[in-house]
Amino acid sequence: IGVDVELMRPDVEMRALARRFFTSSENAALDRLDGDDLVRGFYGCWTQKEAFVKAVGEGLSFDLDRIEVAVPPAPAGLVSLDGSAADDWTLAAVDAGPGYAAAVAVDTPGAEVVVRDWPADAAA
């Protein structure tokens, strides 16, 4: 399993980072977005990629352009790995609260990702 959570900062050079680390298809999808949609699309894509590389245990030593993911507003998902179909993984967007993007990657096809909220005063 791999998880990534990011604060969505609109002051980041999203298009420049996308050109450096994302696939041509992901960049084309981002080029159709602007404003808040661009911010959500960029961070949605970034968190899916980060969750995946964490799940495979390689972190950023794994070239992010080897992984193609769905770009929000499309539902999260791994489109391809090294240009081949990658249907043995589940990528899911996770609601981490206002201003955050989050994703989880699981090396099981069709896994159901369930998020539970535990109150701070709940017994451990």
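Asp82 is partly exposed, with a relative accessible area of 46%, where buried means under 20% relative accessible area, exposed over 50%, and partly exposed in between, computed with a 1.4 Å probe on protein chains only. The structure is a predicted model, in which local features need pLDDT of at least 70 and side-chain atom pairs count only at pLDDT 80 or more, while totals for chains, interfaces and linings use all residues. Residues are numbered from 1 along each chain as its sequence is written, and side-chain values use heavy atoms, with hydrogens and water left out.

Asp82 forms a salt bridge with Arg66, and the closest N and O atoms of the two are 2.6 Å apart; a salt bridge here is a side-chain nitrogen of Lys or Arg within 4 Å of a carboxyl oxygen of Asp or Glu. Asp82 lies in the loop between β3 (78-81) and β4 (84-85), and Arg66 in the loop between α3 and β2, so this pair ties together parts that are 16 residues apart in sequence. The elements named here are DSSP runs numbered from the N terminus, helices being H or I runs of at least four residues and strands being E runs of at least two.

In total, the structure holds six salt bridges. One of them joins the side chains of Lys49 and Glu26, at 3.0 Å from N to O, and this pair links distant parts of the chain, because Lys49 is in helix α3 and Glu26 in helix α2, 23 residues apart. Both Lys49 and Glu26 are buried. Another salt bridge, between Asp37 and Arg40, brings N and O atoms to 2.7 Å at their closest; these two residues are three apart in helix α3 and are therefore separated by about one helical turn. Asp37 counts as partly exposed at 40% relative accessibility, and Arg40 counts as partly exposed at 43%.

Of the 21 residues of α3, 15 are buried, so that the helix is mostly covered. Just after α3, Gly57 takes a positive phi of about 80 degrees.

The structure also contains an open sheet of three strands in the order β1-β6-β5, with antiparallel pairing; two strands are taken to pair if DSSP finds at least two bridges between them. β1 (2-7) and β5 (90-93) stand at the edges with a single partner strand each, so one side of each is left without a neighbour in the sheet. Neighbouring strands of this sheet are turned by 15 degrees against each other on average, direction ignored. Within the sheet, β5 and β6 (residues 100-106) pair in the antiparallel sense over four bridges, and Thr90 stands opposite Val106 in β6. Helix α3 packs on the sheet, touching β1, β5 and β6, and its direction makes about 145 degrees with that of β1. For such angles, axes are lines fitted to C-alpha atoms, for helices over the stretch in contact, and values run from 0 to 180 degrees between N-to-C directions.

Thr47 lies in helix α3 and is buried, with a relative accessible area of 1%. Leaving aside neighbours within four places in sequence, Thr47 is in contact (heavy atoms within 4.5 Å) with Asp4, Glu6, Ala101, Ala102 and Ala103.

In soluble globular proteins, nonpolar side chains tend to be buried together. The largest nonpolar core here has 28 residues, and those with the most contacts inside it are Leu30, Phe42, Phe52, Ile67 and Leu78; such a core is a set of buried Ala, Val, Leu, Ile, Met, Phe, Trp, Tyr and Cys residues joined through side-chain atoms within 4.5 Å. At least two residues of this core come from each of α1 (14-21), α2 (24-31), α3, β2 (67-69) and β6, and α3 gives the most, with nine residues. Phe42 is in contact with Met14, Leu17, Ala18, Phe22 and Leu30, its neighbours within four places in sequence being left aside.
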